[in-house]
Amino acid sequence: MHKDIVKISFHPGGQNIEVSVGTTILEAARLAGVNMAAPCGGTGRCGRCLVKIFSTQREGWLLACKTVVTDDLSVELATQPPVILETGETTAVTLDPAIQRGDKGELYHQKGFPLLPSANQGEEVLGLAIDIGTTTLVAYLYNLLDGSLLAVNSVVNGQQIFGADVISRLGYALQGQENYQKLRQRLLDSLNGLIERCCQSVGITTEWVRELVVVGNTPIMHFFLNLPVQGLAVAPFEPYQKGPFYRTAAELEVTTVPQAICYVPPFIGGFVGSDALAAALAQKFGREVTERMLVDIGTNGEILLQVGDYLLAASVPAGPALEGAGIECGMVASVGAISRVTLDYDVQVEVIGGGRATGICGSGLIDAIAEMLRLGLIDSSGKLLPPSQVPPIVSFKIKQRLKQVGENLRFVLAEQVYLSQKDIRAVQLAKAAVAGGIQLVIAETSLSNKPLSVLLAGGFGSYLNPSNALRIGLLGTQPNMNPQQVGNAAGAGAVLLLLSYPSRQRAERLCQQFIHRELAAEANFQTFFLEQMAFPTEEW
Amino acid sequence: MLSFQDRVKKEILVIDGAMGTLLQQRGLPSGWCPDEWNVSHPEVIQEVHRLYLEAGADIITTNTFGAIRSKLADYGLEDRVKELNQAAVTLAKEVAKPYGALVAGSIGPLGKFLQPLGEISFDEAYQQFLEQCRAMVEAGVDLILFETFGDIGEMRAALIAAADAGNVPVVASFTFDESGRTFTGTDPETAAVVVERLGVSAIGVNCSVGPRQLADVVQRLTQSTNLPILVSPNAGMPEMIEGQTVFRETPELMADYAIRFVEYGASILGGCCGTTPLHINAIRQGVKELTLKPRHKLFGLRVASRVKTATIDPKGMPIAIGERLNPTGKKALQAEIREGKTEITRRDALAQVAAGAAILDVNVGVGGVDQVTAMERAVNAVQVLVDAPLCIDSTDPQVIEQALKNYHGKALINSVNGEEKSLATILPLAKRYGAALIGLTLDDQGIPATAKERLAVARKLMQRVEELGIPKQDLMIDTLVLTVSAQPEGVPETLNAIRYIKKDLGLTTSLGVSNVSFGLPNRGLINTAFFSMALAAGLDAAILNPQDQRMMETLRAAAVLTGRDVRAEQYIAREQAAQGGNQLSAAPEPVASTPLEVLYQAVLSGDKDNVVDHINKAIDSGLSPMELLDKALIPGIEEVGRRYGAGIYFLPQLMMAGETMTKSFERLKPELAKGPSRKLGTVILATVKGDIHDIGKNILSVMLANHGFEVIDLGKNVDNQEILQAARAHQADIIALSALMTTTMVHMPDCIAKVKEAGLPCKVMVGGAAVTDQYAREIGADGYAFDAVEAVGLAKKLVC
């Protein structure tokens, strides 16, 4: 019997929705508010939205973005929540928040904003520093009177169902105001949920939250601030407004804390947001004079460089390969992902969650390629070698994992997980973009062979093995690089901005000092990009 | 009756051929334990032995290839090891006696691998071999033959067990594949080096391949040892015919090769799978008149990893022993050893070998750590990663023993010294596990002040080593470096001791060079100067940091100056390699001879700097520009495209080849302009409005031009209006659009619509990271290409 409206149920969450025939499963999931990974934005490229469907007429694994519903369906989601990075190196700071208690016990804002009167006696004065990432939101709840940390909480960014990377989300938002608002609403839902959970976790009422400091990349902050995003989608990728921004939480529809003032620091540029500025603040850019470079690798790679008075904020299009997208067995860093690889007489892997390996995430990819280079399974041009060309010291067990499948050679890491020649090429493209960018900006400075501390920030930077990143040349080929992992530097910076009003002024000055460049637009980027395509021939 | 030891020194011996196939012909059912027939069918076993004896074999091998506990367990016969082996030896001896022939007890591999390659521990393997060897020795076997071993680690365990089982000669026979290595990668020289010191009387090669494929292995083996050599090939390569494995080499051919092997220096000849008494008889007849070829080669001190031998020759190149796998003064490495990790260890091992270390010293001396476990972990981590042999650095005999057990090669022990306690504990370990030694010139009285006294300690060390039956060339003497700032008089004594020990004792020498500079500023400078003085005095090896470029340069230069790098060959090779810079193509291309081949190779290797020269020379030699294009350049770029498609080449190689082609076209332009137009079509190329990512488009631009298209490259961030105007103005055949971002590819359908609207006759093809085949179809494009190579093919298709 033919129907126009069909019922779709999603498991294990149990959400139900009725949609018209012809809707894709991914669209239905979005309507039902189900978190479904679609890193490529639903274009059928990444294969991450594979779901198992059951109906009276069919059963099997299909891509949610490309499958049109024709009858009542039950959909089983295979994806697991990603691993979230909460910790960031914190810096000691003198407590001097924007909101203070006056002599008579009244509250005031240093910037002069009027505050709503206290709701009740014995009010605590709380603030939240929030780092909105592309995949996750992290909130730090502080007591602003004594500077104590009360809670840290995180949540998945609900916008993910509209694409894992920002460009996909921009693409979706540009299709109409309705889409834009959907994206914005998903973000607000995640944010409000997070704030509520954060306060609940320590049994404190949300009414006491007086200030929010929110940092994030430029496009997501545009969604949050309800600003138009057209300019961010096309060259020259300019923000609609640069900031800084003070808004009431009420006008931004942060409904859980309508009484709060919300501060969003300025953007450095279209691809380098307030999160990067916060990270730079936390890592003492502009304060300590020694050379430093902060690198945050995502779909978009951000490179902050300080050499003397010169402050540069650059971005490069790394693409999603290092996040596991476009890799045949790639996946995000969630349960089942191979996150560590060592090769000795055989393959040793660590799997997130400890169970069976179902894919490989970015840190695992870097490990695997670094180890394959060490054993001579890949030559420096990136070519995967057949067993007959592998050095004799390599054990037969490793050699047996080099399998020819049709025209293509692959290296088998686990029962269901392998790396193909194509995957290695995809990683080369991504790493050449990051390393090419780094080499380009370094080449313009007087750094030459001086030691350079490289601060690896963000989720990916915190989980990768720095030695292996150096082995594959992810950070370029500059000698004397000293990589350090600094965790969620943006979150740490947001905390500084919350606890110290002078820090905000410093950050705003720092933002002015940064020269912002989108390196892909520059003529000589191609030369550096191609130069960095090969892998280093030796250990650093 | 003469013993094996006596006979093998005097005559060419013939050993028997296959046993298994002959038993099958006599009714052994498949799946039945062949070794069990020693008890149930003794008459059949003796019949086979007799056939080989009649054919002329001097040695027959017992039917015990699989009579070891773990293999018998497959048939539930694990408790009959002793019975089956002793029955086999007794049967064979009975038959052999009237012929005056010898009985070799055959022992095959366990069929499982030793740690770290497999699951069996050294001790477990040792126990199994010991049990089988003991049974045979008790039954009076004349010699033990370990045959068909593909893993040197297992062979070591077997030989150590055999030595403990009793005083019987032992032959170690390996099986090599067509690449000339054993299954776990050991080459013939390394196999010889490792087993020579484990008490073997002969070294052998058997099975796997036929005599033709073994020729090279046998030759290399004869040049790697002075021990007698056994060769028992299969009767050819195994072939599958109607589900049966057959071997097809004739007895005559086997005999011809046996004669050749004797000429190389082999002295025990026989056959393995597929050979019959006929083959053995032919070999017997072939070698009857031949005599032993004496071999008396000097080898120096040799140590080996599983796959490679390092030689320290008193007259050859001095070598560097990498010192960095030593936690002294290294906090990160200390922490790693405590935590039971090997990350730094592995990286430092690789880096040192890349920097030129021939041997790696391994030391795990961290306080409060179980060093036995730590040493085993470190040795296992390094021995599956780098091919440099290891030097086991410890004073604790237990730590050294654990390392030697687990090391699948011949290690160097660092160190023994003249103290009685050291001699009593370390020397037996070297003997038992077949290791070489570094001997320190100190004894119970401490470090002697003078060179003469150090020579005396060295002499004592040498005598004690030889008393145990270890050849003296396996002892290298460290004459000890004192700190020059504290004891300036010590330097000449150390250097003189090197001279005396080399001259009087004929031993090799080594030093831990960097001790000399302790307490002084700019230590590297002192180290380098002292090192060159020591090399001048004749130093053969130094324990140093190979990543210290000055030290390695000093080593290479001094080798030339002291005449140890003959004709400076290694020095020149290294310097030339350093000048060569980065070669993009990994595999060396075949040497080109004709001008066309040179040009073809220039395109493949992306030699844009020299291609114009090559073209000029080709034209001078009388070739026409058209010929260059059709017979060298175009086939070259097409091959590049093929290699790119196959994953062999990547973007840099593609781009280099493309630029080489561009240079070629520029050079040939005047000549080609005179001929007929070869233009395939005109392509308008652009990255769409709003998008600034143009690397892929730039590569396509070069590739299209190289394949004969006229390319109008409008650049990036190009408005559709401009694209249309260009298409009209140039009467384009194709518009090719690229977009990297999903937010900008939306300009593509608009462009297609405009082209249709304007009624332009050109085709539109699309590509770029954001674009998919499906998207191209949705927007009505005429084609989609994944990459530049695909795009060239698509463009060609669209214009014809």
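This is a predicted model: local features need pLDDT of at least 70, side-chain atom pairs count only at pLDDT 80 or more; totals for chains, interfaces and linings use all residues.
Two strands count as paired if DSSP finds at least two bridges between them.

**Domains of chain A**

Chain A is split into domain 1 (5-77), domain 2 (80-319 + 431-531) and domain 3 (321-425). Between the C-alpha centres of domain 1 of chain A and domain 2 of chain A the distance is 33 Å.

**Strand β17 of chain A**

β17(A) pairs with β18(A) and with β19(A), as the table sets out.

| Partner of β17(A) | Residues | Bridges | Direction |
|---|---|---|---|
| β18(A) | 347-351 | 5 bridges | antiparallel |
| β19(A) | 359-360 | 2 bridges | parallel |

With 3 residues between them, β17(A) and β18(A) form a hairpin. Within this antiparallel pair, A:Thr342 has A:Gln348 of β18(A) as its bridge partner. In the parallel pair, A:Ala337 is placed opposite A:Gly359 of β19(A).

**Contact between chains A and B**

Chain A puts 41 residues into the contact and chain B puts in 43 residues. On the side of chain B that touches chain A, α14 (343-354), α26 (651-674) and α27 (695-706) of chain B each supply at least two residues. The most comes from α14(B), which gives 5 residues to that side. By residue class, the side of chain B that touches chain A consists of 24 nonpolar, 13 polar and 6 charged residues.

Note on methods:
Residues are numbered from 1 along each chain as its sequence is written. Chains are lettered from A and ligands numbered from 1 in the order in which they are written. Domain bounds come from an automatic or database domain assignment. Helices (H or I, at least four residues) and strands (E, at least two) are DSSP runs, numbered from the N terminus. Two residues are in contact if their C-beta atoms, placed from the backbone, lie within 7 Å. Ala, Val, Leu, Ile, Met, Phe, Trp, Tyr, Cys and Pro count as nonpolar, Asp, Glu, Lys and Arg as charged, and the others, Gly among them, as polar.
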